[in-house]
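Colleague: Please take a close look at a single part of this model. Walk me through it slowly, and spell out the terms as you go.

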Amino acid sequence: MARKGVDFLVVNTAEEAAQEAAARLAAVAGGGQIALAGGSTPRRAYQIAAERRSDWGGAEVWWGDERCVPPDDERSNYRMTHEALLARLEVQPRVVHRIRGELAPAEAADDYARELGDRALDLVLLGLGPDGHTASLFPNSPALEERERTVVAAEPGREPLVPRVTLTIPALARARIVLFLVDGGDKAAAVARAFGDAEPSADTPASLVRGGETLAILDEAAASQLS
Ligand code: 6PG
C-alpha cells in the first residue's frame with residue numbers, strides 16, 4: 001500500500017523484515033551507490049545481505065550518519081557495519097566512503113561532503129528512533145533546516161551522546177530509493193507520525209525524509225498504529 005509518497009511492506013517478524021531489506025541491499029550491491037544505516041536494527045539485514053551476495057565489487061558504500069568516534073569504537077556505525085557486513089564479504093565494495101568520525105565533527109562533515117559531491121545515491125537505508133529521528137536528524141534540530149549542504153555536524157538527540165555527522169534532508173531527497181527498516185512496538189507511534197496521515201513535522205524528522213521512491217519495511221509490531 002502507498003500513502004503520502006511512502007510504500008509499505010508489512011511482514012510478521014523482524015527476521016522477515018531483515019530478509020526483505022537484505023534482498024534489496026544485495027540487489028543494488030551488484031552495481032550502485034549504497035548508504036548504510038547505523039544503530040542495531042540493520043545488523044541482521046547486513047548479515048543476510050552478505051550471505052545473499054558475497055561480491056560487492058560493483059558497489060560503493062556510504063553511511064547515512066556516523067557517531068564522532070574512532071572507527072574501532074564500539075559506538076561507531078562503521079564498526080557495526082564492518083562486523084555485520086563488510087568483514088563477511090568475499091569481494092569488498094569498490095570504494096568504502098567512511099565518515100571519518102575520528103576528526104572534529106565539522107571537519108568530518110566537510111570531508112564527507114567533498115567526497116559525496118553532487119552524487120545521487122541509489123539506495124539509502126535508514127532506521128527510525130522512537131522519537132521519530134532518522135540518521136542523526138533529531139527532532140526540532142538545526143540540521144532539519146539545512147537546504148543547501150548535503151552533510152552537517154549534529155548534536156546527539158539520543159544515546160550515545162557524542163557529536164554526529166549526518167546526511168541532510170536535501171541529500172536524502174536526492175536518493176533514488178530511501179528504504180526505512182523498522183521493527184518493534186516501541187517504534188509504532190513514531191512510524192504512525194512519520195509515515196501516516198499526519199502533516200510532516202520537525203517534531204518527527206523521518207516525516208520530512210522522502211527519496212525518489214520511499215519504502216518502509218515494517219514488522220507487524222512497528223506497523224501496529226498505522227491506520
Ligand atoms: C544511529 C542511527 C539511528 C538509528 C535509529 C534506530 O546512528 O544510531 O543512524 O538513526 O537508525 O536510532 O536505532 P535502532 O536500530 O538501534 O533502534
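Modeller: A135 lies in the loop between strand 7 (123–126) and strand 8. Strands here are DSSP runs of E, at least two residues long, numbered from the N terminus. This is a predicted model, where local features need pLDDT of at least 70, side-chain atom pairs count only at pLDDT 80 or more, and totals for chains, interfaces and linings use all residues. Residues are numbered from 1 along each chain as its sequence is written, and side-chain values use heavy atoms, with hydrogens and water left out.

Look at the backbone of A135. Its phi is near 50°, a positive value in a residue other than glycine. Most residues other than glycine have a negative phi. A135 is also buried, with a relative accessible area of 13%. Buried means under 20% relative accessible area, with a 1.4 Å probe and protein chains only.

The side chain of S136 makes a polar contact with the side chain of R164, at 3.0 Å. A polar contact is a pair of N or O atoms within 3.5 Å; within protein, one must be able to donate a hydrogen and the other to accept it, and residues adjacent in sequence count only if both atoms are side-chain atoms. N140 belongs to this loop too. N140 is not a glycine, yet its phi is positive, about 55°.

Next comes the ligand. It has 15 residues around it, and the closest are S40, T41, H133, A135 and R158. The shell divides into two nonpolar, eight polar and five charged residues. Ala counts as nonpolar, for example, Arg as charged, and Gly as polar.

A side-chain N or O atom of S40 is 2.7 Å from one. A polar side-chain atom of H133 also lies 2.7 Å from a ligand oxygen. For K187, the distance is 2.8 Å. Taken alone, the ligand exposes 410 Å², and the protein buries 94% of that. These areas come from the Shrake-Rupley method with a 1.4 Å probe.

P160 lies in the loop between strand 8 (151–154) and strand 9 (164–167). The peptide bond from E159 to P160 is cis, with omega near -10°. Most peptide bonds are trans.

Note on methods. Near = heavy atom within 4 Å. Helix = DSSP H or I, 4+ residues; strand = E, 2+ residues; numbered from the N terminus. Buried < 20%, exposed > 50% of the residue type's maximum accessible area, 1.4 Å probe, protein only.
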